[in-house]
Amino acid sequence: SVLRQSIIPNLLEATTYNVARRNESVGLYEISSVFLDEEEDGLPKEIAHVAAVITGKWVDHAWQAETKTVDFFVLKGIIEGMLDTLGLEEVTFEKAVLDGMHPGITANIYHNNERIGFMGQIHPTEQNKRDLKETYVMEMNLDKMLLIETEELLYTPVPRHPSISRDIALLVPSETSAGTLKAVIKRAGGD
C-alpha cells in the first residue's frame, strides 16, 4: 500500500515546484521501479517504467519571434523518437479514458496489440490544483519494451586514435586540369 504504482505523481510534484519558482518550461523524465500486481507469494511485482512530463514552451526563439507551446503531438514525437531509437516498430496510439487524465487528449500505446503504456494531458482540475498550464505526461513499461525482439543493434567501436586528414599542395603548370591531377594521384595512390 505504500509502494508507488506510478512515477507520474513524483514528476508532477517536481514540475509544480519548478513552475512555482518561475521555471515555466519544464521537461523531466525518470526511469524507476513501480510495484504492481501481487505475485503468488503475496508480494508486489517490481517493474521498471519510464515516465516523462512536459509543460510550457517547447520552442522559444525570442529573436525570431517564434514560440511553440508543448502539446499532445510534441509528446507523441518524443515517444516515437524514443521507440525508434529502441528499434520498436508497429507501435499504435489509441484514444483512451484514464483516471486523472484529460478525457479527450489521452491515448494508450500499443505494440502488436499489447499495451506498453499511455500518454496525454493531465486532467484540467489536476492542472488547476497544481497551478500548472497545459501539462502532458507519459508512462511506459520499460521491462516490456526491452523484451520485445528487435533487429540486432550493431556497435562500431570508437577508434582508439583520432582520424588524421592530410592536405597536399602541388606545383603544376596552370594549364593542367584538375581531372588530370586526380587521375595521376589515383593511379599512384590506388583506392
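What share of the chain's contacts with a separation of 6 or more comes from residues 24 or more positions apart? The share is 46%, where contact means heavy atoms within 4.5 Å.

Before going on, a word on the source. This is a predicted model, in which local features need pLDDT of at least 70 and side-chain atom pairs count only at pLDDT 80 or more, while totals for chains, interfaces and linings use all residues. Residues are numbered from 1 along each chain as its sequence is written, and side-chain values use heavy atoms, with hydrogens and water left out.

Now the overall layout. The chain has five helices and eight strands; these are DSSP runs, numbered from the N terminus, with helices being H or I of at least four residues and strands E of at least two. In sequence order the pattern reads α-β-β-β-β-α-β-β-β-α-β-α-α. The chain is more spread out than a compact globule, because its radius of gyration is 26 Å, well over the 16 Å that the globule rule gives for 191 residues. That radius is taken over C-alpha atoms, and the rule is 2.2 Å times the number of residues to the power 0.38. The C-alpha trace spans about 85 × 50 × 30 Å along its principal axes.

Of the 191 residues, 29% are buried. Buried means under 20% relative accessible area, exposed means over 50%, and partly exposed is in between, with a 1.4 Å probe and protein chains only.

Next, the rings. How many aromatic pairs are there? The count is one, with rings of Phe, Tyr and Trp (its six-membered ring) pairing if their centres lie within 6.5 Å; planes under 30 degrees apart are stacked, over 60 edge-to-face, and the rest tilted. Phe-72 and Phe-73 make an edge-to-face pair, 5.4 Å from centre to centre and with 85° between the planes. Phe-72 counts as buried because its relative accessibility is 16%, whereas Phe-73, at 61%, counts as exposed.

Two charges sit over rings, by the rule that NZ of Lys or CZ of Arg is within 6 Å of the ring centre and within 35 degrees of the ring normal. Arg-21 lies over the face of Tyr-17, 3.6 Å from the ring centre. Lys-76 has its charged end over the ring of Phe-93, 4.9 Å from the centre.

At a relative accessible area of 40%, Glu-94 is partly exposed. Beyond its neighbours within four places in sequence, Glu-94 contacts Thr-106, Ala-107, Asn-108 and Tyr-110. Ser-25 is 69 residues from Glu-94 in sequence, and their C-alpha atoms are 27 Å apart.
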